[in-house]
Structures are given as C-alpha cells and as structure tokens.
Amino acid sequence: MLGPKVKWGLRRLATALGWGLLAIVAWQAWQYVEDARYHGARAPYLQMQSPDAITIRWQSDEPVVAVVRFGKSPEALDRLVEGSGPTLEHEIRLSGLEPDTRYWYAVGSDSEIAYGGGVDDWFMTAPIQGGERPVRIWVQGDPGKALSTTLAGKEAVLDWIEANPRPGLPAIDLWLTTGDNAYRYGRNREFQQHLFAPYSDLLRNVPYWPAHGNHDARRWAFYNIFSFPENGEAGGVPSGNEHFFSFDYGQVHFVYLDSHATDRSVDGEMLGWLKRDLAATSQPWLIAVFHHPPYSKGSHDSDNLTDSGGRMAEMRENALPILEAAGVDLVLSGHSHVYERSYPLACHYDKSTRFKPSMFVDKGMGSQPPYRKPVGLTPHSGAIYSVVGSSAKADNSPLDHPVMAMAKRELGSLLVDIDGNTLEARFITPKGEVLDHYRIVKEGEAGQPRRCE
C-alpha cells in the first residue's frame, strides 16, 4: 500500500502534469494562430481570374479601408472599388470586366496609393470559356524555398519566353504549383520570405493557383492567404469547399484536388464532386493538379503503401479512374523532388509491378514525339502523368518507374503551351536547358472509348 506522503506526491505530480499539458496545448494553439498571420505590408497578388472578374489581395502595415483603382490605361484609372471597413488584410473582387482584356490598377486607401499605378501594374482577364486563344501555363513543383537556384529557374523560364515571344499576349497566362509552396512549416512568414517577397514582380501580373501540399498543411496559413473558387466563380461546378475546385481558362478545364487533407475515398465528398464537375464540362482540354503523385520512383515511392500515409496509392486507385473516364489529358503532381513524365497511359491503377505494356496508349517513335489523341475528351484515350517536384531541390532517387518516358534528378519547372489542337510542354532547368519536350496533338473524329479490363 502507498503511504499518505506518496499519494500526496502522486496527486501533486498529476496536477502538475495536467497543467503542463494544458500549457503545451495552449502554446501550440497560439503558435498556429500566430503562424497564420503576417505582421507587415504585402504587395498585391491576383486570385480567381475569370472572363469578367478577378480578386486582388494585399496587406497593409496599418488598418485602412481598402481601395482599388483600375482602368484600361495606366493614365486613366477611372473605376474604383472600396472595401467595407479598416483591416490589415485586403481582398477585393473586381467584377463587370471585359474578357481577355488588360487593366491597369493601383491599391491602397482613399488617401494614398500603396502599390501600383504604373505601366507595369496590370492584370488580364481570362478569355471567354471555349475561346481558342493560345494559353501559356507555368508550373512550379514544390517551389517553397527561394534559393538562388529556384530564382534562377524563374529567370531561365522568362529568358526562354523572351526568346520565344507570343506577340500581343502576356508572357505567362497562368501560374500553377504542385504544392509545398512554403517550406518548412507553411507559416505565413515563410510564404512572405519564399513567395511574396522574391516573386512580387510576377504576382502583380500573373494569377497564382497553388496546390495544397503536405508542408503547406503543417500550419493554418495556406487557406487564409489564398482565395479559391469554391462557388464556381471561375467556371466549373461549385464544390462548396476550398480544398477542391475547378476553373476554366479558354479551352482548358482545370481541376484541383487536395490529396493531403481531404477524404480520398470513392464515396467521399471530393471525388463525388469530381464526377459531377467532369460530367458537366465540354472543354476540349482537361488538366488535373494535386500534390501526391500516383506514379513515382523519386524521393517518394508510389508503390509503398506506408509512404505519405498511402495517399499516392489512394489517388491512383480512386481518383485516376474518374479522371481517365472523363478523358483527362495531363495530370500534374509534385511531392517527389524529381522530374518524371509518363507516356500516354490508361487503366493502370495498381503498383508498378502489375503494369502491362498494353496500358500504354501511344509510345510514338521515342520519348519526345507528338502523341496523338482524338479530338475532345475521349475516355481512357491516354493521359500523361508528370511529377514536377524539383523547382527548389532535387533528391537522389531510383527513377525507374516503368510508365515513365522521362525521369531526371534535375532542378527545373514546366512550361505548357496550348494552342488549338496542340499541347506542347517543356521542362526547363535553371541553366536554361530544355531537358524534356513533348506534344499532344488532337485530330480526327472522336474515338471509341477504350475499355479497362
């Protein structure tokens, strides 16, 4: 039996441990709240672009009533939208705009302009849905540390674009990421350090569409910082959830899924919405984006069911049949810090050891030919799966997945051009080398749907 002094000591210890645990939980909660905030000014960045609207966000170092002035000339910012009350974080939706039109803008308060007002401060609205205007998309993979090599990758892409201009069109129409936008913990100040400060020159002009990665999910900042079209503000079926959504840009339908923090089951809310959204689109091109790659032998192994909590396998088994049944053309992921790109593929939803060569839809004449598909979106007509995860770092990896036409442990990012019936993609390194270049060409009549065994 325990004596009175021992019992008293144990009660004191239990009480101390209880208060200590409560203090730790309270401190951790406060850290999450603080990490979701950034105390300082933040330059403008563009969100939720559509043919007739766009959202502009920025932050001031003192509470002000936000004002956006804009117009079709930098000398005539003759339209004005005002916020509802004094805040530090500002989010203004501009509506009633004309499609595929350049507007100049300035942001601040009713008494001063904080940012903008110059010839370089502009945005473009999206083309009309289904419009055939060419589209240029820049894809960064896991870019969340603004190292010298990461920023050199940005400059290399801009140099390539300058050497290959599109007269009358912006250098880049859309800026996508495959997740992990701020290392290491997805704190708001890490977003400031690794995104908003070093990329402010692009963010003021190019809409930013980031995927949600596992490092972004370590704190609460991601969904506070960014605005997503959960109510169908930019096209597609409203999802009612900022973790997954779609939007249209010209001829392209984009689908974003949250492979990290959202139920990935076939009967779950996300994939139920995905079926409805894909059934409703009539766009001729379909691109899907999510963080965890269904096929990879990079720094993560998609065959390993314990790697990343089985998320790669769940996306492969549950999401891919839905995407391929809708005729998806390109699936972009990150997470593995490498570059991998498959041949056009269909009906492979298992481990790499169970892959059959008959699941290739088109191997062409080598790793970099034009791949041919029927026009429109034909079920199981061949999707290219690309792991773009090496914009900030590249890790040692086996790089031996059998579906891949190209696999490199190289830093870089992907530039995608879609013009009419052709999609053309280039993986560009920080040294300006084009390590991978492929095309998808859609031609002829819509084919008979391929059947998965």
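User: Let's start with helix 2: which strands does it lie across?
Analyst: In this predicted model, helix 2 (residues 148-163) lies across strand 7 (135-140), strand 18 (413-419), strand 19 (422-428) and strand 20 (434-442). Its direction is at about 165° to strand 7; axes are lines fitted to C-alpha atoms, for helices over the stretch in contact (heavy atoms within 4.5 Å), and angles run from 0 to 180 degrees between N-to-C directions. Helices (H or I, at least four residues) and strands (E, at least two) are DSSP runs, numbered from the N terminus.

User: Handy. What's the strand order in the open sheet?
Analyst: The order is 9-8-7-18-19-20-15, seven strands with mixed pairing; two strands pair if DSSP finds at least two bridges between them. The edges are strand 9 (208-209) and strand 15 (370-373), each pairing on one side only.

User: And how many bridges join strand 7 and strand 8?
Analyst: Four, in the parallel sense. Trp138 stands opposite Trp175 in strand 8. The chain goes from strand 7 through helix 2 to strand 8 as a right-handed β-α-β crossover, meaning that with the strands pointing away from the viewer, the path from the first strand over the helix to the second runs clockwise.

User: Switching topic: why does Arg426 count as buried?
Analyst: Because its relative accessibility is 14%. Arg426 sits in strand 19, and its contacts beyond four places in sequence include Trp160, Asp417 and Asp436. Its side chain also makes a polar contact with the side chain of Glu424 at 3.1 Å (a pair of N or O atoms within 3.5 Å, one able to donate a hydrogen and the other to accept it; residues adjacent in sequence count only if both atoms are side-chain atoms).

User: Where is confidence lowest?
Analyst: In helix 1 (residues 4-35), with a mean pLDDT of 54; pLDDT is the predictor's confidence in each residue, from 0 to 100. Over residues 22-30 the value is below 50, and beyond near neighbours in sequence that stretch has one contact. The protein's mean is 93.

Methods:
Residues numbered from 1 in each chain as written. Predicted model: local features only at pLDDT ≥ 70, side-chain atom pairs only at ≥ 80, totals over all residues. Heavy atoms only, no water. Buried < 20%, exposed > 50% of the residue type's maximum accessible area, 1.4 Å probe, protein only.
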